[in-house]
Amino acid sequence: MSLLQLFTATNATPYAWSLVLAGGSVVASIIPLGAARSASNFEMKDMAAPRAMFDRFPAWGKRASWAHQNSFEAFTLHAPAALLALIAVEHSGPLPAAAVVAAFAHPAFRFAYIAAYVGNVPPARGLCWASGLLCSGILYSEGLKAFLGN
């Protein structure tokens, strides 16, 4: 099975992958946060109050913490959109190509967002955030249209 077939095996597959990859971006956001903790001389006693370490983080580490928190927020907006699209496909048939592109673009924008946030590139971070949000909006819109018969 080719990579393209893996990601497009059925009409619902892109939306399932979008969920998996969006969840992966949340997990990936732990990596720079862990590096920040390491750079802050993490000790076992810090396990009692891990958030108290925040003041010891370098500037990039604080941004890593904020990117990690925002990853959860973005996931809670995107997951229902991807599920709606997935269910709409099963109920009404294929969604427009824009929905498939949005499903795959959202996780890509989220991974880029984390890098831009930690790397302190505010314009790229803002563009990635807005683009990811737009992708979720497209999935909501196309999923609702499919259910409403448009």
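**A tyrosine and its surroundings**

In this predicted model, Tyr-15 touches Ala-82, Ala-85, Leu-86, Val-89, Leu-95, Ala-99, Val-100, Ala-103 and Leu-139, when residues up to four places away in sequence are left out of the count. Tyr-15 also belongs to the largest nonpolar core, which has 17 residues, and it is listed with Ala-85, Val-89, Leu-95, Ala-99 and Leu-139 as touching the most other members. Two or more residues of this core come from each of helix 2 (13–28), helix 4 (59–92), helix 5 (97–118) and helix 6 (122–148), and helix 4 gives the most, with 6 residues. In soluble globular proteins, nonpolar side chains tend to be buried together.

Ser-18 lies in helix 2, and it counts as buried because its relative accessible area is 0%, where the limit is under 20%. The side chain of Ser-18 makes a polar contact of 2.7 Å with the side chain of His-78, and it also reaches the backbone oxygen of Ala-103 at 2.6 Å. Leaving out residues up to four places away in sequence, Ser-18 touches His-78, Ala-82, Ala-103 and Pro-107.

Is Thr-76, by comparison, buried or exposed? Thr-76, which has its place in helix 4, is exposed, because its relative accessible area of 54% lies over the 50% limit. The C-alpha atoms of Thr-76 and Trp-129 are separated by 14 Å, with the two residues 53 residues apart along the chain.

Notes
Residues numbered from 1 in each chain as written. Predicted model: local features only at pLDDT ≥ 70, side-chain atom pairs only at ≥ 80, totals over all residues. Heavy atoms only, no water. Core = buried A, V, L, I, M, F, W, Y, C linked by side-chain atoms within 4.5 Å. Buried < 20%, exposed > 50% of the residue type's maximum accessible area, 1.4 Å probe, protein only. Helix = DSSP H or I, 4+ residues; strand = E, 2+ residues; numbered from the N terminus. Contact = heavy atoms within 4.5 Å. Polar contact = N/O pair within 3.5 Å; in protein donor to acceptor, adjacent residues only side chain to side chain.
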